[in-house]
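Biologist: Hello! Could we walk through this structure together, one question at a time?

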Amino acid sequence: MQAGGSAGVSRALAEFVGACRWEDIPGAVRREAHRALLNYFAVALAGAADPTLDIAVQVYGRFAAGRQASLVGRAERTDVLNAAALNAMAANVYDYDDTHSPTIIHPTAPVAAPLFALAQARPMRGDELLLALVLGIEAECRIGLAVSPGHYARGWHITSTCGVFGSAMAAGKRLGLSATALVWALGCASAQAGGLVETLGTMSKSASVGNAARNGLLAALLAQQGFAGPDAPLEGPRGFLSVMGEPPQPDAITRDLGLDWQLLRNTYKPYPCGVVLNPVIDACLALAGDARVADAGLACIERITLTGHPLLRQRTDRPGVTTGRASQVSAQHAVAVTLARGRAGLEEFSDAAAGEPMLRDLGAKVEFRDDAGYSVDAAQVQLTWRDGRQLTRRVDAARGSQARPLSDDELEDKLLALAGGCRPGWDARPLIDALWTLETAPDAAQVMALAAQAATPAGGGRDRDC
């Protein structure tokens, strides 16, 4: 099915979401939905034991309304709204989640988390969850396109501000809302859209990502009960697009809707950091493996020049970071730790790594050179030694980008590795199999039962209930 035009985009989007069937989803999009969930559970398992989650679970648990829903990789149970928030936080805490290339939205966490929480409270087949996931991601990414690039450049955290719409439309689809009620859900979501780029590198970012998942679900639940909203929450004179877009492009929401699927522009990260750092890390890994670098020595480097799209500097010029969270969005740290260790995993973006004086000293030698001719998936790293020697590596398409996507096997390996970090020795293969076969599953909630098995067993240091 197809929708188009720029007038009445809120209604057009709502009608599309309400009418779309699983049979309308192309095979390539269906497969990408499975891949998105493989990556989602991988990164949620990685983040499950982070101190950010420990604090949030404790605080949210004081106000839990029930224990219907599980937390990925944790023994506690909580209510549906809190589970939506906490599982979205876990998936985003390490900046290891997926990225919609045109907008830099991390689309799956704010949508998958509320859907799986809802699946534990009411019966839901696997194909029903997958359809809602695809439509939620489609909605949030198209709304993101309508306010990009000025929205993010102005300082709005686009995953949080647009993720709330994805959550609302996905949940609304599963609740069987009418087109009118879906517009109301968009209105309630628009009133709760928030999140600032200034919070990147801190725990505060997780709060807004969690809010996107929780508040979108809440918007749909309110609309289900007749909680009305404006007729044009997106395109109205003081609607989301006009307030948040500089300038807005409302036709991006409906152009080729049902024909051009945004999930096909989704990418998956090989490294736990800001996506614009991926080509930089690729280049540094190549340099770290070059025998000439070992011969010349890192200590004798005078200058490290990074050439890339201006967004590389804008988003990652963060010298002297002191925490793992901050290091995830610091080019200085990423370059130094990758050159020094020859790898770029979770340990390389930890508090311990961020505190190493040698890495901080090496990172201080990084200089940026903006070149708008580079794509955001490309970068060049040049090392210059005191004796004048130079060595350069350029990457035109980062690993994990649309041009060099992670394979199915690589996504499975990512889940296995991160699940092993969550609970050593736990077998994640049943979870992987369940995700690949989710389309035919009679009960989508069984996936959450498997993901919760990665939790520390009872008596291992966590209370079982919030």
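Modeller: Happy to! Let's begin with a pair of charged side chains: Arg429 and Glu412 form a salt bridge, with their closest N and O atoms 3.0 Å apart. Keep in mind that this is a predicted model.

Biologist: Which helices does the pair of Arg429 and Glu412 link?

Modeller: The two residues are 17 residues apart, and the pair links distant parts of the chain. Arg429 belongs to the helix that spans residues 429-436, which is α21, while Glu412 belongs to another. The helices asked for are α21 and α20.

Biologist: Is Glu412 buried or exposed?

Modeller: Buried means under 20% relative accessible area. Glu412 has 14% relative accessibility, so Glu412 counts as buried.

Biologist: How many salt bridges does a search of the whole structure find?

Modeller: Side chains of opposite charge can pair when their charged atoms come close. Over the whole structure, the number of salt bridges found is 30.

Biologist: How many residues apart are Arg404 and Asp282?

Modeller: The side chains of these two meet in a salt bridge, at 3.8 Å from N to O. Arg404 sits in the loop between β8 and α20, and Asp282 in helix α13, so the pair links distant parts of the chain, and the separation is 122 residues.

Biologist: Which strands stand at the edges of the open sheet of four strands?

Modeller: The order in this sheet is β6-β5-β7-β8, with mixed pairing. An edge strand here has a single partner strand, so one of its sides is left without a neighbour in the sheet. That describes β6 (366-370) and β8 (390-395).

Biologist: Which residue stands opposite Arg303?

Modeller: Look at β5 (residues 301-308) and β7 (residues 379-385), which pair in the antiparallel sense over seven bridges. The residue opposite Arg303 lies in β7, and it is Thr384.

Definitions and conventions
Residues numbered from 1 in each chain as written. Predicted model: local features only at pLDDT ≥ 70, side-chain atom pairs only at ≥ 80, totals over all residues. Heavy atoms only, no water. Pairing = 2+ DSSP bridges. Salt bridge = Lys/Arg side-chain N within 4 Å of Asp/Glu carboxyl O. Buried < 20%, exposed > 50% of the residue type's maximum accessible area, 1.4 Å probe, protein only.
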